[in-house]
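Dear colleague,

Please find below the structure that I am handing over to you, together with its sequence. My notes on what was found in it follow directly after.

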Amino acid sequence: MATPPAVFRYKTVAGHAAPVVGIGICISEAWHRVEFYVDSGAYYTILGGRFAKEIGFDFTTGQRVLVQVGDGT
């Protein structure tokens, strides 16, 4: 049996509809609501280094991957 698709409403960000979804992340035994941009065509999820450290993710131990986003950066 196929899993039904996730459905959520777009959120207005800077005057435009955007696929942003709120999720809960437990940091140091406390839950925090965080909003993520959902890009179903993306191969990676990109997080800022400061945020990654706050949630306990040690990004310095992984393999470095260079990516280019839609605005060219």
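The second largest pocket of this predicted model has a volume of about 280 Å³. Its lining is made up of Phe36, Tyr37, Val38, Asp39, Ala42, Tyr44, Thr45, Ile46, Val67, Gln68 and Val69. Sorted by class, these lining residues comprise eight nonpolar, two polar and one charged.

The largest pocket, for its part, has a volume of about 570 Å³. It is lined by 16 residues, of which Phe57, Phe59, Gln63, Arg64 and Val65 lie closest to the pocket centre. In this lining, nine residues are nonpolar, five are polar and two are charged.

Several of the names above return in a surface feature. A nonpolar patch is formed on the surface by Tyr43, Tyr44, Ile46, Val65, Val67 and Val69. Together, these residues have about 620 Å² of accessible area. Ile46, one of the patch residues, is also part of the lining of the second largest pocket. Ile46 is located in the loop that runs between strand E4 (30-37) and helix H1 (49-54). Is Ile46 buried or exposed? Its relative accessibility is 56%, and the cut-off for exposed is over 50%, so Ile46 counts as exposed.

I turn next to the charged side chains. How many salt bridges does the model contain? The count is two. In one of them, the side chains of Glu35 and Lys11 meet, with an N to O distance of 2.7 Å. This pair joins distant parts of the chain, since Glu35 belongs to strand E4 and Lys11 to strand E1 (residues 11-13), 24 residues apart. Glu35 also forms a salt bridge with Arg33, where the closest N and O atoms are 3.9 Å apart. The distance in this second pair falls within the 4 Å limit that defines a salt bridge.

Arg33, in contrast, has a relative accessibility of 64% and counts as exposed.

Two alanines also deserve a mention. Ala14 is not a glycine, yet it has a positive phi of about 55°. Where does Ala14 lie? Ala14 is found in the loop between E1 and strand E2 (16-18). With a relative accessibility of 75%, Ala14 counts as exposed.

Ala17 is placed in strand E2 itself. Ala17 is exposed as well, its relative accessible area being 57%. The C-alpha atoms of Ala17 and Pro4 are separated by 23 Å, and the two residues are 13 residues apart along the chain.

With kind regards

How values were computed:
Residues are numbered from 1 along each chain as its sequence is written. This is a predicted model: local features need pLDDT of at least 70, side-chain atom pairs count only at pLDDT 80 or more; totals for chains, interfaces and linings use all residues. Side-chain values use heavy atoms; hydrogens and water are left out. Patches are made of residues with over 30% relative accessible area and no salt bridge: like charges are joined within 9 Å, nonpolar side chains (Val, Leu, Ile, Met, Phe, Trp, Tyr) within 5 Å. Accessible areas come from the Shrake-Rupley method with a 1.4 Å probe; for residues, only the protein chains shown count as cover. Helices (H or I, at least four residues) and strands (E, at least two) are DSSP runs, numbered from the N terminus. Buried means under 20% relative accessible area, exposed over 50%, partly exposed in between (1.4 Å probe, protein chains only). On a 1 Å grid over the protein atoms alone, a cavity is a set of points where a 1.4 Å probe fits but cannot get out, and a pocket is an open set with protein on both sides within 12 Å along at least five of seven lines; lining residues have an atom within 4 Å of a point. Grid points are joined across faces, edges and corners, and a volume is the space filled by probe spheres set on the points. Ala, Val, Leu, Ile, Met, Phe, Trp, Tyr, Cys and Pro count as nonpolar, Asp, Glu, Lys and Arg as charged, and the others, Gly among them, as polar.
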